[in-house]
Amino acid sequence: MAYNTAILNNVYNYYMTTYSPRTSTRYDTHKKSELRNIYNSIVKLNKDAPLYKMDTSKASKSFAVGIKEDARELRNVIASLGGLDEEKILNKKASYSSNEDIVTVNYIGDNLEDTEAPTYEIEVHSLASGQVNMGTFLPNAKPALPPDTYSFDVMINDLNYEFQYNIREGETNKDVHNRLAKLITSADIGLRADVIEDGKGNTSLRLRSTAEGMKDNDSSIFMVSDDHTSKQSGSVAYFGLDYLARPASNAEFSLNGERMVSASNHFTIDKMFDVTLKGVSSMEGDKTSFGLKTDVESLAENISALTGGYNSFINSMAAYRDNFTGSQKLLREMNGIINRYRSDLDIIGLNLQENGTLQIDKNELEQAALSEYAKEDFSSVRNFANSLVRKMNQISINPMDYVDKTIVAYKNPGKSYPTPYITSAFSGMLFNYYC
């Protein structure tokens, strides 16, 4: 079982790094009822599907996975603008910051109907920082350590990691520095290492923690030592890897006049605002305010995000047009959706371009938002967004519908039965492609 799990992890990691380097969102999680509906849709789809002979080329597999991921991304963009409820879609409240060089904010609370979210004032006194160890600057010459296998231990996040490496004949200090920087950074244990030059040809190895702030009033996030390591010791002292150049520190700020401390520059306030500290206030008393934008501004921002997500999807599909007829089919379907709402979208300043993308006329959008008919005019863009969600769900369930294929045989009419053929073709090719 452990062996099978390891194989599945490798396949999943390969899939995510090759096709989908995008981060997951809370809209990628599902309730049991939603999963049951997806399962029932797949069963119905497979029950009616004929037998296909598919194009199994590397490019075809990449295309199938690509359109599924592009559909997921557009669906998540729309979902992030107020959820997927047809009545609440595009209702997300937008936030503002009076100085985004100091503070950026994102509203994460529930949509407010009868009450208003408070406005905050923040003055940033200092930012949270990570620990920095700065090694000794050494000339670009042969190391004073003899060629051998060396190792050192790094204690971080209550875990101990041992790094082993060789110092070879003919290498310089700079060569070893570059190799250690790559070794430590690629280990991905919460440390970043890079090589610093002093302008005289001397180099030093700098270690920085990715985490910020102090833990339990301890400014040390990581420690480097070779006192009890398994291989040859002495390299920590020679390279100066244990020298603490800057301890970790917490962020300090005043929120509505109340002094506060945070171990991170990223935190939430009252489950309403996701806050990221970017800089320090220029002088005492220099405050940055943040809160919610007006409904008109929020709606305009949501429409802008919807347009950006839609255009990104269309451009991605257009990139496949010359090589896959399925992309042309999908673009025609998307064109059919937008033509259904085209006249209504024109009224609010969303203009269809020749390449199938949308362009926003900000003046028309603002006038439409301030019009007495705004509610009726903007219902069309919500209907458009709901149609896109339904289409993206369809693509996600059956991306193989757009892959080049030849029908081999139809099922016996009246005696059709569910088969896993379609979904197996999509899922199985991930394993085949990995192997």
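Let's start with the aromatic pairs: this structure holds 14 of them, where rings of Phe, Tyr and Trp (its six-membered ring) pair if their centres lie within 6.5 Å, with planes under 30 degrees apart called stacked, over 60 edge-to-face and the rest tilted. Take F273 and F290: their ring centres are 5.6 Å apart and the planes stand at 80°, so this pair is edge-to-face. F273 belongs to strand β15 (residues 273-277) and F290 to strand β16 (residues 288-292), so the pair ties together parts 17 residues apart in sequence. For the element names, helices (H or I, at least four residues) and strands (E, at least two) are DSSP runs numbered from the N terminus. Both F273 and F290 are buried, meaning under 20% relative accessible area, with exposed being over 50% and partly exposed in between (1.4 Å probe, protein chains only). Together with Y107 and Y120, F273 and F290 form one aromatic cluster.

Before I go on, this is a predicted model: local features need pLDDT of at least 70, side-chain atom pairs count only at pLDDT 80 or more, and totals for chains, interfaces and linings use all residues. Residues are numbered from 1 along each chain as its sequence is written, and side-chain values use heavy atoms, leaving out hydrogens and water.

Now, which residues touch the most other members of the largest nonpolar core? They are L306, F313, M334, F378, V381 and F384, out of 46 residues in that core. A nonpolar core here is a set of buried Ala, Val, Leu, Ile, Met, Phe, Trp, Tyr and Cys residues joined through side-chain atoms within 4.5 Å. Several elements supply at least two residues each, including β1 (51-54), α3 (58-79), α6 (295-319) and α10 (374-397). The largest share, nine residues, comes from α10. If you click on L306, you'll find that it touches I78, L81, L90, V381, F384, A385 and L388, not counting residues up to four places away in sequence; contact means heavy atoms within 4.5 Å. There is also a second, separate core of 26 residues, and L145, Y150, F222 and F239 are among them.

My last stop is E171, in the loop between β7 (159-167) and α4 (173-186). Is E171 buried or exposed? Its relative accessibility is 10%, so E171 counts as buried. Leaving out residues up to four places away in sequence, E171 touches A141, K142, P143, N166, V176 and R179.
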